Every structure is written in structure tokens, then in C-alpha cells.
Amino acid sequence: MPSLKEVRNRIVSVNSTQQITKAMKMVSAAKLRRATDAIVQMRPYSQKLTEMIATVSANAEGAQSNPYTITRDIQKVLVIVVTSDRGLCGAFNANVGKATVNLIAEKYASQNAAGNVEVLALGKKGAEYLTRRGYKVNDKFVHIFSKLSFTSVRQAAEYAMDGFVAEKFDVVEVIFNEFKNVATQILRAEQMLPLVDKQDSNVKASTVDYIFEPSEEEIISELIPKALKLQVYKAVLESNASEHGARMTAMDKATENAGELLKDLKLVYNRSRQAAITKEILEIVGGAEALASA
């Protein structure tokens, strides 16, 4: 049985850890409220913009010749991986890292073997996870969450868009956690470029006969880049909200576990203390009997 001092030290340590996890849960709850407000406001705008592009491009010749809709043989791949800068959020970051490894292994194994798969990491944890596993990681935008804004995300999106137009990449994928609620995050892998297949599969074009001013081609050339940047920004906002939800859940569970551990330690402490008192009493009684018989 451990000594009383050892048990007391462990109780103090666990109690301090419990206070920290409680504080982290409260901080994440406050940040989660702001993050969910941002993504809830973003979703309708993103959905409507995507519908508009599908409507405009359904019968427009300009949509077929747009540089972001050109389909090429896949030789070079860019995977945008959205994680967090900090840990202590359960399996949030590990799930994205594993999904990225699986995606590359299943869809782009030959390109990866040729060294033609690049990972654009948005978030330090994703960069660290994939670098350790030998992938070619671009960490140019790794600190995007330190000052999260549309401007910083737009630069990352433009890197992917410019690379696709310049044929540096033939396909661009985005992997992130979509926020559902505090306890649930849905892992998503979406094809960002080329754009045609994604629109055809997910969005039904409107049959309304619109009058366009200026021309449909000009509208498409303006809307598609905005939609692509918005897609990346939405993924980052979803991941940001998911991170705080995952951390809040993880810290709540850690606080509960610390409470259970404290109960066990206090029980061990009381038993050790009782054993020590009993031992002292026996020694005193033994000494008294020895003196009485002397």
C-alpha cells in the first residue's frame, strides 16, 4: 500500500488537473458559441451561391470553357487538410490525418509513389501528423487559425486555384470535420477542383428562365472563383466549430474521469491512514503490555 504522502501528492495533482480541464471546457464553450454562429450564418449563403452557379452554368457555353471546370488526366494532386493548431480535443485531429492517409492510399497511390501528391496543411496538427508519415507537406498556411479571417483563407484557396489553372495540380481535394453538434463531427472529403463533377452530382439547376446582365459567361467567370474561395472558408469554419465542440466534449469527459480518480484516491488514502493508525495503536498496546509484565 502506498504511503500517505504519495497518495496526498497524487490527490493534489489530480485536483489541479481537474480544475484545468474545467477551465478549458468553459473556454471552449465560449469559443464554440461564436464559431457556431459564424458557420450557421455562412451555410445559407454558401448553398445559395452554389445553386446560382449551377443555374447559370446549366446551359451556358462559358461554363464548359471555364479554367476551373477542365478535367485532365490525374497526374498531380493537392490535398487540403484542415485540422487545428492545438491538441486536447480527443480524436479530432487524428481522424482527419487517418482519412487523408486512406484517401491518398485508395485514390492516388500511384501519384503518391511518383511524389506527385502535395498536402496543403491548414492547422499545425495535420502538418505534424502527415510530416511524420513521410508525405510532402506544404506548411505555408499552417498558422491560419492564429488569426482566422476570410482574407487568410482566401490566400490558401487562391494557391490551390492558381496551381490548378497553371496545371501544377490536376485535382484538388479538401478534407475537414463538418460540425453537427457538440458531441458529433462528420468527416468530409470533397473535391474542390475540377468543379464540373461536383456541381452535376450535388446541385440541381433551376428551370427558371432568367435574364442575365451582363452575359452568362461573365457572371460565371465572377461567381466560380468566389464560390471556390467560399468553399474553403466554409470548410475552415466548420472545422473551427468542430474543434471547439470536440475539445469541450473531451474536457468534460476528462473532468469526470478526474472526479472518479479522486474518489478512488481518497478511498486509498483513508485506508492507508486507517492502517497507519491501527499500526500505531497496536504498537502502543504492545509497549504497554510489555511494561506491565516487566
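How many strands does the open sheet have, and in what order do they stand? The open sheet has five strands in the order β3-β2-β1-β4-β5, and their pairing is mixed.

## Basis of the description

This is a predicted model, in which local features need pLDDT of at least 70 and side-chain atom pairs count only at pLDDT 80 or more, while totals for chains, interfaces and linings use all residues. Residues are numbered from 1 along each chain as its sequence is written, and side-chain values use heavy atoms, with hydrogens and water left out.

## The sheet and its edges

Strands (E, at least two residues) and helices (H or I, at least four residues) are DSSP runs numbered from the N terminus, and two strands pair if DSSP finds at least two bridges between them. Strands of a sheet pair through backbone hydrogen bonds, either parallel or antiparallel.

In the five-stranded open sheet, β3 and β5 (184-193) stand at the edges with a single partner strand each, so one side of each is left without a neighbour in the sheet. Neighbouring strands of this sheet are turned by 25° against each other on average, direction ignored; for such angles, axes are lines fitted to C-alpha atoms, for helices over the stretch in contact, and the angles run from 0 to 180 degrees between N-to-C directions.

Strand β2 (residues 117-122) is largely enclosed by the rest of the structure, because six of its six residues are buried, where buried means under 20% relative accessible area, exposed over 50% and partly exposed in between (1.4 Å probe, protein chains only). V117, V119 and A121 point one way from β2, whereas E118, L120 and L122 point the other way, and all are buried.

On one side, β2 runs parallel to strand β1 (residues 77-82), to which six bridges join it, and I80 stands opposite L120. Three bridges join β2 to strand β3 (residues 136-138), again in parallel, with K136 of β3 as the bridge partner of E118. Between β2 and β3 the chain passes through helix α5 (residues 124-132), and this β-α-β crossover is right-handed, meaning that, with the strands pointing away from the viewer, the path from the first strand over the helix to the second runs clockwise.

## The hairpin and the loops

Strand β4 (residues 171-181) and β5 run antiparallel and are joined by nine bridges; they form a hairpin with two residues between them, and E178 stands opposite I186 in β5. A cis peptide bond, with omega about -5°, joins L193 and P194, and P194 has its place in the loop between β5 and α7 (196-202).

Two residues other than glycine have a positive phi: L88, near 60°, and E167, near 65°. L88 lies in the loop between β1 and α3 (92-107) and counts as exposed at 55% relative accessibility, while E167 is found in the loop between α6 (150-165) and β4.

## The second largest pocket

A pocket is an open set of points on a 1 Å grid over the protein atoms alone, where a 1.4 Å probe fits, with protein on both sides within 12 Å along at least five of seven lines, and lining residues have an atom within 4 Å of a point. About 400 Å³ of space lies in the second largest pocket.

Its lining has 20 residues, of which K31, R86, E243, H244 and R247 lie nearest the centre. Both α1 (4-57) and α8 (216-293) supply at least two lining residues, and α1 gives the most, with seven. The lining divides into eight nonpolar, six polar and six charged residues, where Asp, Glu, Lys and Arg count as charged, Ala, Val, Leu, Ile, Met, Phe, Trp, Tyr, Cys and Pro as nonpolar, and the others, Gly among them, as polar.

Methods: Grid points are joined across faces, edges and corners, and a volume is the space filled by probe spheres set on the points.
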